[in-house]
Amino acid sequence: MKRILLLFSFFVLTVGIGVRTFSPRQVQAQGGPSPEAQAAQAKQLALEKNTPKLQITEEVLPLVIPGHTLGETEGVSRNSKGHLFVYSRTGQAGSSRGGTAAELFEFDENNKFVKQWGPDNYAASFAHSVRVDKYDNVWMIDEGSGMIVKFDPAGMVKMTLGRKPEAIDYMERYIERGEKVTERYPVGTMGTFDRETDIAWDPQDNMYVSDGYGNSRVVKIAKDGTWIKTVGTHGSGDNQFNTVHGIATDAQGNVYVADRGNFRIQVYDYDLNFKKTIGGVGAPWSVQVTPKYIYSGDGTGKIYRLDHEGKLLGWAQTGLGQGQTGCIIHELHAVSDNVIIRGSCSEWNVERITFK
């Protein structure tokens, strides 16, 4: 028993500080960006100088949870009633492959706290995003557990996708037997995610998942949970991705994939056949599509507005003057053509952004 407790303590310490890969901003803080990243940044800044800077208003929403802290607002989405859902890195639960940091909160149309969804559920490990579909089902996308959980509008679990690796398996393989991870970016298998990041749907309710940090691909899943197709490996070439961080669809048959590490949005059809690449959007952390525009958000807090052909129309700076700036934008939710809800990991708040 003593040996198991010691192993578990070591497991919590090492996994708690070791499983995260570094973001582009963290890499910069630890020695500077790569020459490729520097060139991409210079090209982006030159483009912005010749592109209109859009006027916006920013409102930090007064979200308060009685007796609790909101934490990092990784995921934001709204339902048809105007209720806001925030999937946040917060919480004081026990260890799950490191410290658990994931709670899903609902606020009403007046920003008043309603309830927590799925408390103490097995998949809530390390929050990444939340989305609400056209039926008001709420989808919790958890990077740490490798799982997606579907709640119906009443809060009942209706579907789970993926499967969380067991802590005991990790301990036995990497601590007791001393095995090593030899492939940082594996080719994903059907039925499991590796740090997935976002979800979107087509008109037939097929699901599209950006997967993600470990895997480097897009997954298509039927509405009944049957895995249909995957596209992508790690890299910068055709059908390759470097941190697939967000995804969105439109009614015209397009799937927009935020290929953050490659500074581009890749566009596919509903069958995951490649169509085109969109650049000029910095490092896209989140992408949303409205009837008139495509919006892409960079961790710097910049939001880029494009037309549906991918032409950059303008950009806006958000989130400055609030402290830490490494991850101002983590997820976007488009309310309309001119209103965006923004979740942030570095600023611990949710903003309503209105384009004038």
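This is a predicted model: local features need pLDDT of at least 70, side-chain atom pairs count only at pLDDT 80 or more; totals for chains, interfaces and linings use all residues.
Together they form a hairpin in which 5 residues separate the strands, and Asn111 in the turn adopts a positive phi of about 70°. Strand S4 also pairs with strand S3 (residues 84-89), again in the antiparallel sense, over 5 bridges. In this second pairing, Val86 is found opposite Phe105 of S4. Strand S4 (residues 103-107) is mostly covered, 5 of its 5 residues being buried. The cover extends to both faces of the strand: Glu103, Phe105 and Phe107 are buried on one side, and Leu104 and Glu106 are buried on the other.

A further set of strands is arranged as an open sheet of 4 strands, with the order S16-S17-S18-S19 and antiparallel pairing. From one strand to the next, the twist averages 20°. Between S16 and strand S17 (residues 254-259), the antiparallel pairing comprises 5 bridges, and Val244 stands opposite Asp259 of S17.

Helix H3 (residues 35-49) consists of 15 residues and reaches 21 Å from its first C-alpha to its last, close to the 21 Å expected at 1.5 Å a residue. Its buried residues are Ala37, Gln44 and Glu48. Viewed down the axis of H3, these residues fall within an arc of 35°, so they line one face of the helix. The packing partners of the buried residues of H3 are strand S22 (302-306) and strand S23 (312-317). On the face of H3 turned away from the buried side lie the exposed residues Pro35, Lys43 and Lys49.

Across the whole structure, 15 salt bridges were identified. One of them joins the side chains of Asp198 and Arg131, with an N to O distance of 3.0 Å. Because Asp198 belongs to strand S10 (residues 196-201) and Arg131 to strand S6 (residues 127-132), this pair ties together parts that are 67 residues apart in sequence. Asp198 is buried, with a relative accessible area of 1%, and Arg131 likewise counts as buried at 5% relative accessibility.

A salt bridge is also formed between Glu143 and Arg195, whose closest N and O atoms are 2.5 Å apart. Glu143 is located in the loop between strand S7 (138-142) and strand S8 (147-151), and Arg195 in the loop between helix H4 (167-176) and S10, so the pair ties together parts that are 52 residues apart in sequence. Both Glu143 and Arg195 are buried. These two residues are part of a network of salt bridges that links Glu72, Glu74, Arg89, Glu143 and Arg195. In another salt bridge, the side chains of Asp211 and Arg217 meet at 2.9 Å, N to O; Asp211 and Arg217 are both buried.

How values were computed:
Residues are numbered from 1 along each chain as its sequence is written. Side-chain values use heavy atoms; hydrogens and water are left out. Helices (H or I, at least four residues) and strands (E, at least two) are DSSP runs, numbered from the N terminus. The expected span of a helix is 1.5 Å times one less than its number of residues. Buried means under 20% relative accessible area, exposed over 50%, partly exposed in between (1.4 Å probe, protein chains only). The arc is that of the directions from the helix axis to the C-beta atoms. Contact means heavy atoms within 4.5 Å. Two strands pair if DSSP finds at least two bridges between them. Axes are lines fitted to C-alpha atoms, for helices over the stretch in contact, and angles run from 0 to 180 degrees between N-to-C directions. A salt bridge is a side-chain nitrogen of Lys or Arg within 4 Å of a carboxyl oxygen of Asp or Glu.
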